[in-house]
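Subject: Structure for your review

Dear colleague,

Please find the structure below, together with its sequence. My notes on what was found in it follow directly after.

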Amino acid sequence: MAITVDDGYQDFYSIAWPILKKYGVPATFYVTTGFVSGDLWLWPDQLRYLLTKAPQSQATFDLGLFHIQTPLSTDAFESEFWRVNQILLMADDADKLQCLASMARTWKVELPKRPPEAFKPVTWDQLKEMQAEGLEVGGHTVTHPSLARVSSEQARNEILGCGKMLEKMLGNVTRSFCYPNGTPDDFVGEQVQFVKDAGFSCAVVAFADDGEHHQRYAMRRHSSSSDQFQFLKAVSGIELLGMKFRRHHLETRYE
Ligand SMILES: [Zn+2]
C-alpha cells in the first residue's frame, strides 16, 4: 500500500509531506515537469482563475466549445466550473487551450505567466529534499494533457520529456508514472509503450475496479477524500473487497 498525490502543487511539500514523513508512510508524488519548471500552470487552475474574472454584465458568451452566461453568482460558481471543466476534459488538447485563450481575450483578462500563489508548484529543490527523505517523485507528463487527446508524437514527447527532466533534476533512480486524468480512455496501448520506453518501472491510473490491481502499467488507485470513513474504506482494502464481492455476486447470478 502506498499513498500517491498528483500534479506537483506546493502544498504537498508544506502540508502533506511532513505528516507522511512523520508516520513513515510510503508515498509517491507525481509531478508535471513543465509546471514545476515554471513554464506553465495547470489548465483547470487557469479556468478557475478566468471564471473569477468573469464580466459582471448580463450576457451570454459563445466560447466555441461551450456557452456561458454572466454574471456568475457565487452559488453557481462551483457548478459552472465543473460543467466547463468536464467539457474541456473531453476536448482535444489544442482546442482546449485555444478555448481558454479565447475566454481570456473575450473577457480582457491577462493570464499571468506564472501561477498565482494559490496554484503554485513545488520547487525542484523541495523535490530533491523530499526524495532524499524517502519520497518517490514520479512522472506525470510535461504539460498534463490527456495522452489520448494529443497526437502520437506529442504523447511520446510528453512522456519521454518528463522522464528526461526528472532524471536531469533529481538523478537517475527508478520511478513510476501516472497518466493525466487516468480514466480508461486516457491511455491506450501505444502510450503504455512510451511509458515503458521512457524507463518508468510501472504506471498508475485514476480509478479502481474489481480486478487487475497488479497490472504493472495500469495499476489501480482508490481515491481518497476528506471524509475519514471513505479514507479508511480505501486503505483497509474493504472497498476492493466490496467490488470483488459485487462482481462475484453478479457472475454467480447470471451463470
Ligand atoms: Zn493530474
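For the helix pairs discussed here, each axis is a line fitted to C-alpha atoms over the stretch in contact, and angles run from 0 to 180 degrees between N-to-C directions. Please bear in mind throughout that this is a predicted model.

Helices α7 and α8

Helix α7 covers residues 152-170 and helix α8 covers residues 189-197; their axes lie 9 Å apart and the two pack at an angle of about 30°. Angles under 35 degrees count as roughly parallel, and α7 is therefore roughly parallel to α8. The crossing of α7 past α8 is right-handed. On the α7 side the contact is formed by S152, A155, R156, I159 and L160, and on the α8 side by E190, Q191, F194, V195 and D197. Sorted by class, this contact holds five nonpolar, two polar and three charged residues.

Domains

The domain assignment divides the chain into domain 1 (3-40 + 119-221), domain 2 (43-106) and domain 3 (227-255). The centres of domain 1 and domain 2, taken over C-alpha atoms, are 27 Å apart. Six residues of domain 1 contact four residues of domain 2. On the domain 1 side of this contact, three residues are nonpolar, two are polar and one is charged.

Helix α3 and its two partners

Helix α3 (residues 43-52) packs with helix α5 (residues 93-106) at an angle of about 20°, and their axes are 11 Å apart. That angle makes α3 roughly parallel to α5. The crossing of this pair is left-handed. From α3, the residues W43, Q46, L47 and L50 meet K96, L100, M103 and A104 of α5. The contact of α3 with α5 comprises six nonpolar residues, one polar and one charged.

With α4, the axis of α3 crosses at roughly 140°, and the two axes come within 10 Å. The pair is therefore oblique. Here α3 passes α4 in a right-handed crossing. The residues involved are P44, L47, R48 and L51 in α3, and F77, E80, F81, V84, N85 and L88 in α4. By class they divide into seven nonpolar, one polar and two charged.

Apart from neighbours within four places in sequence, F77 is in contact with L51 and L72. F77 and L51 are 26 residues apart in sequence, while their C-alpha atoms are 7.8 Å apart in space.

Backbone geometry

Most residues other than glycine have a negative phi, and most peptide bonds are trans.

The peptide bond from T70 to P71 is cis, with omega near -5°. P71 belongs to the loop between β4 (67-70) and α4.

T141, a residue other than glycine, has a positive phi near 70°. T141 sits in the loop between β5 (136-139) and α7. T141 counts as buried because 27 other C-beta atoms lie within 10 Å.

H144 is likewise not a glycine and has a positive phi of about 65°. H144 is also placed in the loop between β5 and α7. With 25 C-beta neighbours inside 10 Å, H144 is classed as buried.

Is W17 buried or exposed? W17 is buried, since 22 other C-beta atoms lie within 10 Å. This residue lies in helix α1 (residues 10-22). Not counting residues up to four places away in sequence, W17 touches F12, M130 and L135. W17 and T52, by contrast, are 35 residues apart in sequence and 30 Å apart in space, C-alpha to C-alpha.

With kind regards

Terms used
Residues numbered from 1 in each chain as written. Predicted model: local features only at pLDDT ≥ 70, side-chain atom pairs only at ≥ 80, totals over all residues. Domains from an automatic or database assignment. Contact = placed C-beta atoms within 7 Å. Nonpolar A, V, L, I, M, F, W, Y, C, P; charged D, E, K, R; others polar. Helix = DSSP H or I, 4+ residues; strand = E, 2+ residues; numbered from the N terminus. Parallel < 35°, antiparallel > 145°, perpendicular 65-115°, else oblique. Left-handed = near helix turned anticlockwise from the far one by under 90°. Buried ≥ 20, exposed ≤ 12 C-beta atoms within 10 Å, placed from the backbone.
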